[in-house]
Amino acid sequence: MTGTGDEAFIAAVKPLVDAMGGEMVPPDEAGADDVVLSWEGVGVVAVRLPQLADSLDHILAALERRKGRPLADLDRKAKQEIVRGLEARGAFAVRHGVETVASALGVSRFTVYNYLNREKGA
């Protein structure tokens, strides 16, 4: 992460990395699981992706910021929409995903499963 052209590239990808809950590190500090982004054949920055469980927490926090209040304070319809969106993003493939979402929404696991089943039946 050196040249001035590099700074523009880094600034361009930073919103995406932030949205994913990732971390940007110098390419020479990249680990085996990091993704090195290159520009014009030169490694500019490495992206350290979060663990899936951390990503779910990051997504829930972003949803809460977007809604402007705790997810548990939303009405049932809004909670169902959140569950539908999270399912589309694969949130329930994460270990303890249902429990994590249920806790954030202030509902039981059973309720989250009901929301999921309702969608499949519709």
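**Reading the salt bridges and the sheet**

Me: E99 is partly exposed, with a relative accessible area of 31%. What does "partly exposed" cover?

Reply: Buried means under 20% relative accessible area, exposed over 50%, and partly exposed is in between (1.4 Å probe, protein chains only). This is a predicted model, where local features need pLDDT of at least 70, side-chain atom pairs count only at pLDDT 80 or more, and totals for chains, interfaces and linings use all residues. Residues are numbered from 1 along each chain as its sequence is written, and side-chain values use heavy atoms, leaving out hydrogens and water.

Me: Which residue forms a salt bridge with E99?

Reply: Side chains of opposite charge can pair when their charged atoms come close. The cut-off is a Lys or Arg side-chain nitrogen within 4 Å of an Asp or Glu carboxyl oxygen. Here R109 pairs with E99, with their closest N and O atoms 3.4 Å apart. R109 sits in helix α5 and E99 in helix α4, 10 residues apart. R109 is partly exposed too, at 45%.

Me: How many salt bridges are there by this rule?

Reply: The count is 3. One of them joins D18 and K14 (2.8 Å, N to O), both in helix α1 (residues 4–20) and 4 residues apart, about one turn. R48 and D34 also meet at 2.8 Å, N to O. R48 lies in strand β3 and D34 in the loop between β1 and β2, so the pair ties together parts 14 residues apart in sequence. D34 is buried at 14%, while R48 is partly exposed at 30%.

Note on methods
Helices (H or I, at least four residues) and strands (E, at least two) are DSSP runs, numbered from the N terminus.
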